[in-house]
Amino acid sequence: MVERKCIGGIAFSKMEFVKEKYGDEGLKRMLEEMKKMGYDGPGRPEDIKLVKWYPFEHNLVFLRAFMNLFGKDAYRRMARGSFKREERFKMFIGWARTPEGIITNAGEYWHKFFNFGEFHGEMLGEGRARLVGRDIYVDPLFCEFLTEYFAGLLESAGAAGVRVQHTACAGSGAKECVWDVRWRATKVDRSISWSPALETGIEEIDRQHRYFVKILNDINSSISENYRSAFLRALRFMDHYAHWHFGSEEKYMKMYDYPQYEEHCKEHEKFYEYTQSIMNKAELQGITPALAYEVDKYLVDWLIAHIKGTDRRFAEFLKSRKLSMPEEQMPDEIKENIKG
Ligand SMILES: [Fe+2]
Ligand SMILES: [Fe+2]
């Protein structure tokens, strides 16, 4: 078997925690305790290299020493809070953004910290998820650490009333380590407010974009009540309104010989491809809350980036040539299709 290792950031964040909570004296006591158990790694947090791989045994010795010195309650607090000192985790939370994002990306993230085992996170419903680790069992202390750690992670991503239970453990004969995770579903506010930053200065484009934003906000606010219908509405919206709006931009780009016509269309094309891939996914796996949130996030991110960059460039072109886009009537059929 390959030697189990973990990334330095893990030890660093724990040592920092000790230093902050118990001072230099606490750190000294920890090191003495760890040395008694044969530890021979770096002695101070600043000596640990964040991105270097260290023997996993170091981590285990730390957990044991901490439990011996400070007891169970402190151990739990440490497990819940230590990651906050770790840059990668701050990045992870910033990037995954929501509890659902944390769950569905947990597997990928595991490998950034540990060189062994497989990890998998799956949403079971709103505010319900399961985390499964295969070949990750080392010691009950580590499992206990993970239990609290997941809770802390989800809280940081905005979940309230988090409950994490270690329902099956490879240490007691189960095939895999399983955690049952629940939290009170919270509304994730991804609403966009219309602001000058989104304005292109071409009235018709802005009018259509304002409508885009309005529908997105509608979808956004209904997702936590009924993710299924919010998802279906988002798909209809992507399929109908987005098509219409892109078509309208493309028509004038072509008419006015816009030099970046191809590049601009390519971005719209990517949006269609995404729409298609989501339809396929929904067909294969069914509509899940994770999928609904994923689409919601994509729409918001895509729209803002596209308006601020690509559409604005086209608007600048129109303005520089004193060209305009007349008001277009949205076909009734589209209106009908994207109704709530
Ligand atoms: Fe566009
Ligand atoms: Fe646009």
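This is a predicted model: local features need pLDDT of at least 70, side-chain atom pairs count only at pLDDT 80 or more; totals for chains, interfaces and linings use all residues.
Trainee: Why are α7 and α9 called roughly parallel to each other?

Mentor: The axes of helix α7 (residues 227-255) and helix α9 (residues 289-320) cross at roughly 15 degrees and come within 10 Å. Angles under 35 degrees count as roughly parallel, and α7 and α9 are therefore described in that way. Their crossing is left-handed.

Trainee: Which residues make that contact?

Mentor: From α7 come Tyr227, Ala230, Phe231, Ala234, Glu249 and Met253, and from α9 come Pro289, Leu291, Ala292, Val295, Asp296, Leu299 and Phe314. By class, the contact of α7 with α9 holds 11 nonpolar, no polar and 2 charged residues.

Trainee: What makes α7 roughly antiparallel to α8?

Mentor: α7 and α8 pack at an angle of about 170 degrees, and their axes are 11 Å apart. Angles over 145 degrees count as roughly antiparallel, so that is the term for α7 and α8. Residues of α7 in this contact include Leu235, Met238, Phe246 and Met253, and those of α8 include Tyr261, His264, Phe271 and Met279. The contact of α7 with α8 divides into 10 nonpolar, 3 polar and 3 charged residues.

Trainee: Why is α2 described as roughly parallel to α5?

Mentor: Helix α2 (residues 56-81) packs on α5 at an angle of about 25 degrees, with the axes 10 Å apart. The limit for roughly parallel is an angle under 35 degrees, so α2 is roughly parallel to α5. The crossing of α2 and α5 is left-handed. Among the residues that meet are Leu60, Leu63, Arg64 and Met67 in α2, and Leu141, Phe142, Phe145 and Glu148 in α5. This contact of α2 with α5 has 9 nonpolar, 2 polar and 4 charged residues.

Trainee: How do you know that glutamate 267 is partly exposed?

Mentor: Glutamate 267 has 15 other C-beta atoms within 10 Å. A residue is buried at 20 or more such atoms and exposed at 12 or fewer, so glutamate 267 is classed as partly exposed. Glutamate 267 lies in helix α8 (residues 261-285). Leaving aside neighbours within four places in sequence, glutamate 267 is in contact with His306 and Thr310. The C-alpha atoms of glutamate 267 and threonine 310 are separated by 8.4 Å, although the two residues are 43 residues apart along the chain.

Trainee: Why is lysine 322 called exposed, and aspartate 135 partly exposed?

Mentor: Lysine 322 has 6 C-beta neighbours inside 10 Å, and 12 or fewer count as exposed. Aspartate 135 has 14 other C-beta atoms within 10 Å, which lies between the limits of 12 and 20, so aspartate 135 is partly exposed.

Trainee: Which residues have the most contacts inside the largest nonpolar core?

Mentor: They are Phe150, Leu154, Ala234 and Ala292, in a core of 62 residues. Helix α1 (residues 8-36) gives the most to this core, with 8 residues.

Notes
Residues are numbered from 1 along each chain as its sequence is written. Chains are lettered from A and ligands numbered from 1 in the order in which they are written. Axes are lines fitted to C-alpha atoms, for helices over the stretch in contact, and angles run from 0 to 180 degrees between N-to-C directions. Helices (H or I, at least four residues) and strands (E, at least two) are DSSP runs, numbered from the N terminus. Angles under 35 degrees count as roughly parallel, over 145 as roughly antiparallel, 65 to 115 as roughly perpendicular and the rest as oblique. A crossing is left-handed if the near helix is turned anticlockwise from the far one by less than a right angle, and right-handed if clockwise. Two residues are in contact if their C-beta atoms, placed from the backbone, lie within 7 Å. Ala, Val, Leu, Ile, Met, Phe, Trp, Tyr, Cys and Pro count as nonpolar, Asp, Glu, Lys and Arg as charged, and the others, Gly among them, as polar. A nonpolar core is a set of buried Ala, Val, Leu, Ile, Met, Phe, Trp, Tyr and Cys residues joined through C-beta atoms within 7 Å.
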